Amino acid sequence: MAILDGIDDETLELYIEESREHLSDIENDLLAIEDAGANIDETLVNKVFRAAHSLKGGAGFFNLTKIKELAHRCENVLDMIRSRELAPNPEIVNNLLLAFDKLREMINNIAASDQEDISEFIVSLTGLTDSYLPPEEKGSGERMVDITLPDGRKVMEVSELDLRLADKEGSFLYVINYDLINDVQRVGKTPLDIISALCDVGQILESTIDMMAVGTLDDEPSNRLPFYVLFATIVKPDMAAIIFEVEDDKVQLYDISQLPPESTEETADEAASDAIAPQTVTDKGAKTTKAKAKPKAKAKAKVKVQPTSAAAKAKASVREAAAPPPKPVTTAPPIPKPAATIPPTPKPAATAPPPTPAPEAPPPKAASPASKTPETPAAPVETSLRVNVAVLETLMNLAGELVLSRNQLLEAINQNDQRTIQVCGQRLNMVTSELQEAIMLTRMQPIGNIFSKFNRIVRDLSRALGKDVDLNITGKEVEMDKTIIEGLNDPLTHLVRNAVDHGVEGPEERSRAGKKATGTINLKAFHEAGQVVIEISDDGKGIDPQKIANTAVNKGLLTADQVKAMSDKERVALIMLPGLSSAEKVTDISGRGVGMDVVKTNLDKLGGQVDIESEMGKGSTFRVKLPLTLAIIPCLLVSVGADRYAVPQINVDELIRIRAAQVKSRIEIVGDAEVLILRGKLIPIVHLADMLGLPRTWVDEDGVRHPDQRNRLADRRSPEHPLFKEGAEADLKETKTTGTPPRKGKDRRHRSASDLNILVVTAGNFQYGLVVEELHDTVEIVVKPLGRHLKHLREYAGATIMGDGSVGLILDVAGLAELANLSSLAGSSRAEELESEAAAREQYQDVQSFLLFRNDPTEQCAVPLDLVDRVEQIAASQIERVGGRSVLQYRGESMPLFTLSDVAGVKPLPDQEELVVIVFQLAERNVGLLAVMPVDVVETRVKIDQSTLLQTGILGSSIINKMTTQIVDIYGLVETLHPEWFENRLKNRPATPEAAQTILLVEDSDFFRNQLKRYITEDGHTVITAEDGLVAWKLLQKEKGNIKLVVTDIEMPNMDGFELTQKIKEHAEYGHLPVIAVTSLAGDEDVARGKAVGVDEYQIKLDKDRLLECIRHFLNERQ
Amino acid sequence: MTDISREGNQVVLTPQQDIVASVSAEIRKLLKEQIDQGCKELVLDMQHVEMIDSMGIGLLIAAHNSLNKNGGELKAINLSQDLMSLFKNMRLDKHFSVEGA
Amino acid sequence: MARPKREQRDAKASFLVSTFYLGETLIGIDTIHVQEITKVVKITRVPRAPDYIVGIINLRGRIVTVVDLGCKLDIEPLDIHTGSRIMIVGWQDEYVGLMVDRVAEVIPAERDQITESPANVKGVQGRFFEGVYRYDNHLIAILDVDEVLLLGDA
């Protein structure tokens, strides 16, 4: 490009970068300006003004004429806003937005910027300055004014706007008539002297030199060379001639008031005069017209506008509908009417776009091209990045450290100084981690970078759709890796557009639904569990799951049976299926061939997951979970056979280990697929070995790997189910059961080898279980791409270099699901049945209070709060060792201390000074459990998984506060260590089997039922169990007089504890039976109600000692 | 005092000093000769010109007018920043082509 | 399938050929493609990959796909032994490893003396070769790397 000749790239780069920066904020600033309306925030307007100004300045320097011109026009408009001549209404702001968009586009493609057609923008901006000037000033931007001498000769023409602007700045306008020969040459000056002098005190608006007065070379040298200057200055008339160094009569004050408002006659007159053959004064063909300067219509031809753009067309069409029909060229524009909603058109509509409509005008269709803009300019690929200086400093320091450590290491290696080598190794390790972190920081950018543009999108789109939508943005400051932020742009835009387009209803519909007319969209980013969550929620009409499901079936994407088996949530999630669009008619806005499936694909690429929550009539929330960075991700290592694979932690919801003996009860067959029953949900399972075509193996207790028997039973597989081709269901259970090594005595710990390890993973919006052979550590890995020959394998997301230098493959959880042809549970009535059964059970989950603590900073544990006496903070130094046991002086006695690792296979307590002692009262004494902070109390509906992590001292596990939490069995723990403390209780046992009683235990939770049954059985009684009151009632009748006591839960499905108790107490035959109610949380109200129906005693579920004592008490009483 | 080079129809005049009243007659003569000889494109290389006075301006305009009459054109090149500003402020750039250094 | 061989190279130019064995078959490759030759380090197998892919290796932090040339050329799958080598070749801005049985010498060759490969060279489909070159009584088939690594057929 010639225009860029001689300018070094760096300077231009700087200008481009700076311009982008200026432009990046403008959108929101303008929207804020629009919001403020007439109540102008000058700082803000000034900021935008300055941005336009510096764009213009730089463009001038680089001779980028189009950018300069457009920036200049923006500047003019902003200047008028600043001076409160123009109230920033949506129309004005819209035009500015469009113009700045264009500027951004030109900056992004700077070399071609001069080829851009900006006339449309110029016209609309100039139109703005026109239409909002007082009526008589309208059209001044394009209208030219003749400047004439006192003798009536026109010497030049100048833009009326320039005149008016100069006037507004408080300048005087002068027409100075120099004779360069007599006034300049003769007094020993040069023209440059004159011009420099003038430029020092004002601005030359226009000038002209009388070319014809000179003649040609053939003529004698002229003794006259007239030079006329239209000059704007603050110099007052009485000083003018002196300052300009000319005689008084050569200076003429130009009075702007002489600019007449347009009138029909004059314009007609003007038009007539146009027709008169002009007498040439200059070679440009300017014409001498009249003595009086007056507006002309001529400029119309100068700024020729082709309404090619949609904006211009749409605008024109609005105008045609709303404004009076355009006048023919020769007629004058109408005189402004005070009540008119549309400003009068100063020029015929046929030749130039009319000025913009007044604020009251209906929302212009012009908004749709505006809404289109965000995707039209190709997103500039940033080649440079701004980095916080502090981060850079850190990097420098770390680099220094690194060099230092290397030198020390080399030295130590030379000396063969093992100790120093070790120290250096540790140091290097630390520095590397820090360096990695710091480098990652440089890639972190606030998400506000893309959030901010949504103000504009929502505004434009809602206007185009005639909706009223507020957008609330929170969490702009949340930082993410720059690649992720870039990749988020499209999917988020789509989601936000959808929220406006399909989510939020029109104002009438909202009013009818009893909502406020203005819809709200919340865009929110926040951190959660090491990830960033972005939520786009609207209070619109929600997504109709049935409609989505029907569409999916109609389009042949799913069968009716499949859909039938789905939950509403799963149905809603179907909108992300390729080929399904929920919009009934394709609108302008969203019908662009991009569906939700593309959104999902894009997010998948970023390691993101989408979750949709929607309630009909209430609104929808799209929740996108994203990793902070893509380059390094935490992964769980698993293995199949001898090969290790990495599974991105983000995909892993939980780890389930199913003991061989439990496989049968935990794994169901639905249709022909294996499913895992997990807290009332059915989760399809897939064997990783099968997916990878590897033989299944299992590891025995000595760590020896055996081929799995099931493989040999392959012939019996049903061929039409490739998913489970490696093992038919029955075989699996059989093998699992037989494969279990015999348990050893009372040891409740299990060898994990033959158990089933299941990773519950989420792929997109769908959960499944991935069966692996072994679980290993969680590691942070650097993701590397696979070569072209392997790219097509959807099983893998990439590869990584492991700690030992070998290569490990990273599994693609979503890809595996697709390959396994898993959709959310293939429909069958059994699935539905199981699901509803499970869901019913779910509802009656007890609310339980837990004390949360950590055994190790990474290991969260919980004990039922009711069992806890006190929690004390102590220093490690306070612990005394007495006879190999830890004790603490507590309330005047030596309290024995335990740690979880004393009995359970957990990490040992960290070696630190601040500890926590959780004090329990059991076996008639205080005992303390050592733990570390943080300690917290939660009240939660627990779903305790008794099979995972089950071992001595641990009752089971649950997810509390999004962490896997081990529920501590404090009785089991203490009893294992000090069985003698409990001898007392054993003495109370019934001496003979005859004395043992049969007790009916009614409890819906498997976990509590098993626990309680164990306690009571250990105490020597026979226990009959029932899942709910109804079952209990039937059992009671069946067992007749056998049952001596009833222990019942309160909250249960079908028949709750109150009802059961009432039935028992009211019954002639059973009325005498003592009923002990067990609850997790006994509120006073409940206690009162229980007593009212006849509950004899309330006990807390896991308070073993008291419950047993209570049972003994009632039984003895009976006897 | 003024270098002349010819290339086809184009003649480049390179005055070696300022274009001011004292030399205007001489330059005027040179210009006229070139135009009379049928030069259609007259280029004034201003690389050595620091100043142009009113007479000089008049001269340039006259040259322009002459050329214009014959269907030729005047070009001023290598203008210093000052001269560029002068030409632009006088709107001479609207009449003939001017190029900065 | 047979694509035009790259004839645009200067026909007169001489170049070097790295030769190697697949079983008993002597094959050559223009050294211009060869980045380095490494011993067989730990190879991670990639389940579900095409048969001719041995696996992937870590080449100084880069993940490199290793192709069993014997399998790819339909000679016979290679056994990994101490003599096995992986020739790292640059291909479409990535590195690919070609596993061969034994590396032999590097010989000079003249491009204009390469003759069009027949439909079948030493039992291998001719399309995998740029041509054959006679050297010291040996007939060396010059591997067409692009053809060998062409995607889309296993």
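**Entry 1. Sheet in chain A**

I began with β4(A) and strand β5 (residues 226-233) of chain A, which run antiparallel and are joined by seven bridges. I took helices (H or I, at least four residues) and strands (E, at least two) as DSSP runs, numbered from the N terminus, and counted two strands as paired if DSSP finds at least two bridges between them. The model is predicted: local features need pLDDT of at least 70, side-chain atom pairs count only at pLDDT 80 or more, and totals for chains, interfaces and linings use all residues. Residues are numbered from 1 along each chain as its sequence is written, chains are lettered from A and ligands numbered from 1 in the order in which they are written, and side-chain values use heavy atoms, with hydrogens and water left out.

Opposite A:S207 I found A:V229 in β5(A). The pair belongs to an open sheet of four strands in chain A, ordered β4-β5-β3-β6, with antiparallel pairing. Its edge strands are β4 (202-209) and β6 (251-254) of chain A, each pairing on one side only. From one strand to the next, the twist averages 20°.

I then looked for what lies on these strands. Helix α8 (residues 191-201) of chain A lies across β3 (172-179), β4 and β5 of chain A, and runs at about 145° to β4(A). Axes here are lines fitted to C-alpha atoms, for helices over the stretch in contact, and angles run from 0 to 180 degrees between N-to-C directions.

**Entry 2. Chain A as a whole**

I counted 35 helices and 41 strands in chain A. Of its 1119 residues, 52% count as buried; that means under 20% relative accessible area, with exposed over 50% and partly exposed in between (1.4 Å probe, protein chains only). Among contacts (heavy atoms within 4.5 Å) in chain A between residues at least 6 apart in sequence, 68% join residues at least 24 apart.

**Entry 3. A:L603 and α22(A)**

I looked up A:L603 in helix α22 (residues 596-605) of chain A. A:L603 is buried, because its relative accessible area is 0%. Which residues does A:L603 contact, leaving aside neighbours within four places in sequence? I found A:L488, A:P491, A:G608, A:V610 and A:V624. A:P491 is 112 residues from A:L603 in sequence, yet the C-alpha to C-alpha distance is 7.0 Å.

The buried residues in α22(A) include A:M596, A:V599 and A:K600. Their cover includes α17 (482-503), β12 (609-615) and β13 (619-627) of chain A. Just after α22(A), A:G607 takes a positive phi of about 75°.

**Entry 4. A:T800**

A:T800 lies in strand β25 (residues 796-801) of chain A. I noted A:T800 as buried, since its relative accessible area is 1%. Not counting residues up to four places away in sequence, A:T800 touches A:I781, A:V782, A:S806, A:V807, A:G808, A:I810 and, in chain C, C:I63.

**Entry 5. Chain B**

Helix α1 (residues 21-36) and helix α2 (residues 54-69), both of chain B, pack at an angle of about 10° with their axes 10 Å apart. That makes α1(B) roughly parallel to α2(B); angles under 35 degrees count as roughly parallel, over 145 as roughly antiparallel, 65 to 115 as roughly perpendicular and the rest as oblique. Residues making the contact include B:I27, B:R28 and B:L31 of α1(B) and B:L59, B:A62 and B:S66 of α2(B).

I next traced an open sheet of five strands in chain B, in the order β1-β2-β3-β4-β5 and with mixed pairing. β1 (2-7) and β5 (97-100) of chain B stand at the edges with a single partner strand each, so one side of each has no neighbour in the sheet. Neighbouring strands of this sheet are turned by 15° against each other on average, direction ignored. β1(B) pairs with strand β2 (residues 10-15) of chain B in the antiparallel sense over six bridges, and B:D3 has B:T14 as its bridge partner in β2(B). α1(B) packs on the sheet, touching β1, β2 and β3 (41-45) of chain B.

**Entry 6. β1(C)**

In strand β1 (residues 14-22) of chain C, seven of the nine residues are buried. β1(C) pairs antiparallel with strand β8 (residues 102-110) of chain C over seven bridges. Six bridges join β1(C) to strand β2 (residues 25-30) of chain C, also antiparallel. In the hairpin of β1(C) and β2(C), with two residues between the strands, I found C:G23 at a positive phi near 60°.
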